[in-house]
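Good morning, and thank you for joining this group meeting.

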Amino acid sequence: MSYKPSANCIKLIKKFIPCKLSAYQFMGQLKIGYRTDASFANEVTTMKINDKTSLKNEEEATKLLEEVLNKKYTPFTVNLLNNTGLKFNQNEFDALLAYNYIYGTVNEVLENNKDKTAIANFILIKGQKWEEVKKEGIGYTQDIVSYGKEIRETIKNLFEGKSF
């Protein structure tokens, strides 16, 4: 299967990550749009983002998100998926890609879980542990901490092919 993020992946990310049209600092890194890392955007797009950059509208932010997901996050996530020996459908891929984008890692979700039920359950557990660590002052903004359980449940629902 050739993996590419679907509209569901984009919808899930946009549901929980607020769009900011002007560049801003987040956890010591320059971000823009839907918390798109400026260094990734500069690497894989023709756009050159600096601390003075602004996007025109949410449509432009969505296009930037899609391009960075396709060129940066998808190859990394696909490599991890291929190492599991499991086959993933579109919903499962979208869920893991969204998890990777929102939480910044999907490695631990995949490396110690050898079946899809374990992966789905680990999404709930690992995300909660990240939020607890980050709540202590090292990281996530209030949106991730406040909506963490809802984010994890939504990602798990997508992984299991349920609506969200």
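Four bridges join strand S1 to strand S2, and the two run antiparallel; helices (H or I, at least four residues) and strands (E, at least two) are DSSP runs, numbered from the N terminus. Two strands pair if DSSP finds at least two bridges between them. Phe26 has Gln29, in S2, as its bridge partner. The open sheet has three strands in the order S1-S2-S3, with antiparallel pairing. S1 (20–26) and S3 are at the edges with a single partner strand each, so one side of each has no neighbour in the sheet.

This is a predicted model, in which local features need pLDDT of at least 70 and side-chain atom pairs count only at pLDDT 80 or more, while totals for chains, interfaces and linings use all residues. Residues are numbered from 1 along each chain as its sequence is written, and side-chain values use heavy atoms, without hydrogens and water.

I turn now to helix H3. Where does H3 bend? H3 (residues 58–84) bends by about 45 degrees at Tyr73, and Pro75 follows within four residues; the bend is the angle between axes fitted to the seven residues ending there and the seven starting there. Tyr73 is also among the buried residues of H3, which include Leu64 and Leu81; buried means under 20% relative accessible area, exposed over 50%, and partly exposed in between (1.4 Å probe, protein chains only). Just after H3, Gly85 takes a positive phi of about 80 degrees.

Finally, the cysteines. Cys9 counts as buried because its relative accessibility is 0%, whereas Cys19, at 23%, counts as partly exposed.
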